[in-house]
Protein chains: 2
Amino acid sequence: MLRCSSLHGSPCGVLAPCPCLPCIAISFPLPTEIGSYTRELVEASGSFVLAVPSRAMARLTLAVGSESGRETDKFAAHGIAWTPGEHTGGPLVEGCLGWLECRLIPEPHIQQAYDLFLGEVVGAWADPTVFTDGHWHMEESGKRSIHYVAGGHFFETGVPFEVTPGR
Amino acid sequence: MLRCSSLHGSPCGVLAPCPCLPCIAISFPLPTEIGSYTRELVEASGSFVLAVPSRAMARLTLAVGSESGRETDKFAAHGIAWTPGEHTGGPLVEGCLGWLECRLIPEPHIQQAYDLFLGEVVGAWADPTVFTDGHWHMEESGKRSIHYVAGGHFFETGVPFEVTPGR
């Protein structure tokens, strides 16, 4: 699961740079109060951070995804530590396994028509205990990324495996 | 991992309809021969199918993702059984765990500028042995979806878990 944030702040751990992706699309498909505020922040700041939470952060992930930041400072309310991203100043939340710093590519038509926002990935970072030499090593570290389904249901990222072509 | 196809064919198993998603974005980010042909098929047919392969299909998934269909009929070459989707006629490949039939929403600017294609989801289907009552049950069935990383490396979808807010 990728969580989207769009604010600023203080320092966290050591991060390993990853190969950058050129472009990513995020969506605010539901006209909820929560999504609408995040959307306003993304539009106002012109940037956002996509973060990959760990299993240990599942409850926090659900909580921050279920509340609006319009009335509450969710970072303060949940004691969330973070460091500003080098490229955008956006928050790299401590405890996540990876972070993508993105600059909004303004495309008003698709933002309005499809609630779809495009970002140029300008920085990619990962927890070096789970990502080294261009690969994820979740098995060895015991840390796993999570994927949200709905209604409090998640999946962990599972067993890695390799397939050799033609074998 | 979602595999994208854009052709037509013959019958497969019993499918359970799922709640539909309104819109989905797919990308052909690399100007490879393989991606470029699929892109042409999507543009020509105005529709595509996104399918969720199972672990048992990992080798096939890698193979069809590594070859171009321009010179070879990959369905024939690999003996791939499929049934035409009810809404688009696109191929629902047998053995996958889920399928989304999508109609291309023509947006020439973003297709050209970002290699990004939008689809309206007009049909959603799942293998009833892994998806019932609105939920995935991969644990019970022993069938798992897979996620491609790169270079023949995959992850399985892992353990499901539930978080209760405020607990």
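Strands β12(A) and β12(B) run antiparallel and are joined by 7 bridges; strands count as paired if DSSP finds at least two bridges between them. Within this pair, A:F155 stands opposite B:P160 in β12(B). Helices (H or I, at least four residues) and strands (E, at least two) are DSSP runs, numbered from the N terminus. The model is a predicted one, in which local features need pLDDT of at least 70 and side-chain atom pairs count only at pLDDT 80 or more, while totals for chains, interfaces and linings use all residues. Residues are numbered from 1 along each chain as its sequence is written, and chains are lettered from A and ligands numbered from 1 in the order in which they are written.

The two β12 strands belong to an open sheet of 4 strands with antiparallel pairing, in the order β11(A)-β12(A)-β12(B)-β11(B). The edges are formed by β11 (146-150) of chain A and β11 (146-150) of chain B; each has a single partner strand, so one side of each is left without a neighbour in the sheet. From one strand to the next, the twist averages 35 degrees; the angles run from 0 to 180 degrees between N-to-C directions, with axes taken as lines fitted to C-alpha atoms, for helices over the stretch in contact. In chain B, β11(B) pairs with β12 (residues 153-162) in the antiparallel sense over 4 bridges. B:A150 stands opposite B:H153 in β12(B).

The contact between the chains takes 29 residues from chain A and 29 residues from chain B, with two residues in contact if their C-beta atoms, placed from the backbone, lie within 7 Å. On the side of chain A that touches chain B, the largest share, 10 residues, comes from β12(A). Other elements that each supply at least two residues to this side include α2 (58-66) and β8 (116-126) of chain A.

Chain A can be laid on chain B with an RMSD of 0.0 Å by a turn of 180 degrees and a shift of 0.0 Å along the axis, the superposition being by least squares on the C-alpha atoms of residues with pLDDT of at least 70 in both. That is the relation of a two-fold axis. The same surface serves both copies, as 100% of the contact residues of chain A recur in chain B. Of the residues of chain A, A:G158 comes closest to the rotation axis, at 1.7 Å (C-alpha).
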